[in-house]
Amino acid sequence: MSTCPPFASFFGFAGVASAMIFSTVGAALGTSKSGIGIAGLGTFRPELIMKSLIPVVMSGIIAVYGLVVSVLIAGSLKATNYSLFAGFTHLGAGLACGFTGLAAGYAIGYVGDSCVRAYVHESKVFVTMVLILIFAEVLGLYGLIVALIMNTKATGITC
């Protein structure tokens with residue numbers, strides 16, 4: 001019977017950190033890039049600013065995905081009997097959520113910026129913008145689902 005390696009929890013904590021850091025960076029990228037477009041829109045048509053905040057709100061949701069995964073993984077961490085399998089599984093879950101959050105935030109930012117600027121000239125772009133933003137947001141949701149599945153697989157595994 002083998003004992004659990006003492007460094008196994010490092011990988012679990014790395015999963016917590018990567019889920020939170022990368023998804024938050026993605027949310028920040030999406031917020032900043034689409035915020036630049038909103039600032040440009042506000043100089044020409046200030047009455048459209050409130051409708052144009054959708055990309056900023058959707059970027060913030062990406063950070064919430066990372067927070068949820070981080071809290072769930074941190075709740076699964078144990079001081080004793082934490083296996084290397086659980087550590088690597090939690091690392092993979094954190095990376096899955098974090099990197100998909102980074103990609104989704106990047107996509108939301110660039111789509112939000114371009115579509116908000118186009119919305120100044122043509123109001124029909126709004127529905128298209130929302131649809132594209134939903135598909136970009138789903139990228140982060142896929143990472144959340146994969147991370148949740150991986151987290152449930154790692155629970156109960158001990159040395």
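Guide: A residue counts as buried under 20% relative accessible area, as exposed over 50%, and as partly exposed in between, with a 1.4 Å probe and protein chains only. By that scale threonine 31 is partly exposed, because its relative accessible area is 33%. The model is predicted, so local features need pLDDT of at least 70 and side-chain atom pairs count only at pLDDT 80 or more, while totals for chains, interfaces and linings use all residues. Residues are numbered from 1 along each chain as its sequence is written, and side-chain values use heavy atoms, with hydrogens and water left out.

Threonine 31 belongs to helix 1; helices (H or I, at least four residues) and strands (E, at least two) are DSSP runs, numbered from the N terminus. Apart from its neighbours within four places in sequence, threonine 31 is in contact (heavy atoms within 4.5 Å) with Val56 and Ser59. Valine 69, 38 residues away along the chain, has its C-alpha atom 21 Å from that of threonine 31.

Helix 4, with 30 residues, reaches 44 Å between its first and last C-alpha, close to the expected 44 Å. Its buried residues, which include Val125, Phe126, Met129, Leu133 and Ala154, pack against helix 2 and helix 3. Glycine 156 follows helix 4 and has a positive phi, near 90°.

Rings of Phe, Tyr and Trp (its six-membered ring) pair if their centres lie within 6.5 Å; planes under 30 degrees apart count as stacked, over 60 as edge-to-face and the rest as tilted. This gives 6 aromatic pairs. One of them joins phenylalanine 11 to phenylalanine 88, tilted, at 4.4 Å centre to centre with 40° between the planes. The pair links distant parts of the chain, 77 residues apart: phenylalanine 11 lies in helix 1 (residues 8–44) and phenylalanine 88 in helix 3 (residues 84–121). Phenylalanine 11 is buried, at a relative accessible area of 18%, whereas phenylalanine 88 is partly exposed, at 43%. Tyrosine 119 and phenylalanine 126 form a tilted pair, because their ring centres are 5.4 Å apart and their planes are at 40°. Both tyrosine 119 and phenylalanine 126 are buried. The charged end of lysine 51 sits over the ring of phenylalanine 126, 4.4 Å from its centre, where the rule requires NZ of Lys or CZ of Arg within 6 Å of the ring centre and within 35 degrees of the ring normal. Phe7, Phe10, Phe11 and Phe88 make up one aromatic cluster.

As for the whole fold, the chain has 4 helices and 0 strands, in the order α-α-α-α along the sequence. Its C-alpha trace spans about 70 × 20 × 15 Å along the principal axes. Of its 159 residues, 42% count as buried. Among contacts with a separation of 6 or more, 87% involve residues 24 or more positions apart.

Methods. The expected span of a helix is 1.5 Å times one less than its number of residues.
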